[in-house]
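Try each task before you read its solution.

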Amino acid sequence: MTTDAIAVSSGRPFYITTPIYYVNDRPHVGSCYTTIVADCIARFMRLAGRDVFFLTGTDEHGQKVEKSAAEKGKSPQELADENARHFREAFEFIGSTHDDFIRTTEDRHEKQVQEVLKALIASGDIYLGEFEGWYDEGQEEYVTENQARERDYTAFNGKPLVKATEQNYYFRLTKYWDRVRKLIEENETFVRPAGKRSEVLGRLKDEARDVPVSRTNFSWGIPVPGDEQHVTYVWIDALMNYMTALGKIDEGFGGVGGSRQKYWDGSGEVVHLIGKEILWFHAVIWPALIMALEDAGRDDLKLPTTVYAHSFWIREGKKMSKTLGNFIDLETIHAYCDRYGLDAFRWYMLTQGPLSATDADFAYEHFVEVYNADLANGFGNAHSRVTNMIAKYFGGEVPLQEENADLGVDWPATIAQKTAEAVSAMGAVDVAGALKAGLEVSNAVDLFINETAPFRLAKDEANLPRVGTILYQCAEALRIAAVLMRPAMPDAMDAALERLGSPIRDGQTLQDLTRWGLLRPGTSVEKGDALFPRADAKDPEPSGVKTGA
Ligand code: MSP
């Protein structure tokens, strides 16, 4: 994606997805993170005038879910229903604006996955074969001999790898290996960020191998059509969600008719946002499957534009794991939001999160530091300084500017530049960079107040026109800063805009809203409680009360 690709107000489709999350577990900071990032991008793109479709959901089949359910004395469907509900609630809580939530146990999904299997069995790209290899039970994947040796025959979760032999259906990945490598080599933005792209290209230098796409050792999955003792390997089932939710395989399923076809027909971008541990499936197996479907006659199906793999949140320097019990779980997230507000939590996730190639540390002190610097002492303080002065000197009405007053800052140029920076960063999935552009506008306002000292000038009534000019410029710049930061902090920025007498109206786009001079003199401005009350790191860290398994 380039800046051009997300040309504002174009109305072009933009499709963004998160991974679908396993229902053997409850949501936690990791699943919330990817969904918040996708949500922020979706909100920004909508504001920029794009026709957005944002998808999230749950991955409900597979051995892990079957086992987990058995341990809990539940049927897999019961566990799936229960945890899918937790994911839905969690995503509602974090303010996610997804357009659909797909569950892989839904009829619409299962039917289309079976159609895919039928088509690929018929074309010969899925065939019955025998296999022996090292199996990672936790990840539900085979690893090569080389990888097994490198990892000392240990699975991702620390348990030993097991040797397994199976008669399975296989996907002829070998046939598409070179095409996928070429795709990634020739297209610098197919896999992002760059470091992840190199990793995948490195792995593609290994010898090609076919991948099993069915299992017989458990039954919780989609039966392979025509050979029902086999169930579809969870990964193949899961990847298809990105298409089944749109009715791409068969628009007859899902009750959405053809209305979603446009989100993946080549006319816009399709961005899969994922965590780094599932990159191989998305960067290699997924495009290969789509190519195989094309070869099987489905040339209406297109490749995604970008697979973006972020890194991981860790906790005070350590990997988060169930064994260490150091997960930022939902209860902790609620406790943070109770104290600092959901918007502040989203801001921390989005500006400090692991979108780059390095992991990010979730640490309480750091949270407080960022909260105070960016929000309490940053935007919040600038906003209350400006609204207070407008109340005090101008009876709460946005003052007029003097004609041709030059106060040393070319605001229209600054705003145009920061807006362009935000648009281009967001187009490159640099969410923190995009938000920083908004914060820089608000920091510039603070500096401008310190330098022009309206509070001092106001002591002499003769200076009021000058004070008015200063405060008009401050209020207008803050309004635009709030617009730029709104995709991260919708409620707080709406409150900020409301107090500036400038709520966003339906149909207004980023282009309209970032036009300098939109704020009308005479508009009523309200001062109020601090938008972000200062935080004290000496307070104990917010911690949640557990509410069951
Ligand atoms: N069901 C598969 C994905 C199928 S997509 C076709 C799966 N599910 S999962 O529940 O394990 O979720 C994995 C995703 O959760 C990661 O890719 C990432 O998006 C998110 N995260 C899980 N732990 C995380 C962190 N500690 N930090 C950041 N995100 C992480 O894999």
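This is a predicted model: local features need pLDDT of at least 70, side-chain atom pairs count only at pLDDT 80 or more; totals for chains, interfaces and linings use all residues.

**Exercise 1. Compare the radius of gyration of the chain with the globule rule.**

Step 1: take the radius of gyration over C-alpha atoms, and the rule as 2.2 Å times the number of residues to the power 0.38. Step 2: for 549 residues, a compact globule would have a radius near 24 Å, and the chain has 26 Å, which agrees.

Residues are numbered from 1 along each chain as its sequence is written, and side-chain values use heavy atoms, with hydrogens and water left out.

**Exercise 2. Work out the strand order of the six-stranded open sheet.**

Step 1: find the strands, which are DSSP runs of E with at least two residues, while helices are runs of H or I with at least four, both numbered from the N terminus. The chain has 15 strands and 19 helices.

Step 2: link strands that pair, meaning that DSSP finds at least two bridges between them. Eight bridges join the parallel strands β1 and β2, with Tyr22 opposite Asp59 of β2. Four bridges, again parallel, connect β2 (residues 51–59) to β3; here Thr58 has Arg103 of β3 as its bridge partner.

Step 3: read off the order, β3-β2-β1-β12-β13-β7, with parallel pairing. At the edges sit β3 (100–103) and β7 (191–192), each pairing on one side only.

Step 4: check the cover of β1 (residues 13–22); nine of its ten residues are buried, that is, under 20% relative accessible area with a 1.4 Å probe and protein chains only (exposed is over 50%, partly exposed in between).

**Exercise 3. Which backbone angles stand out at Pro193, Asn404 and Ala453?**

Step 1: recall the background: most residues other than glycine have a negative phi, and most peptide bonds are trans.

Step 2: look at the loop between β7 and α7 (194–203), where Pro193 is found. The bond joining Arg192 and Pro193 is cis, with omega about -10°.

Step 3: turn to positive phi. Asn404 has phi near 50° and is exposed, at 77% relative accessible area. Ala453 has phi near 45°, but is buried at 6%; its loop lies between α15 (431–452) and α16 (454–457).
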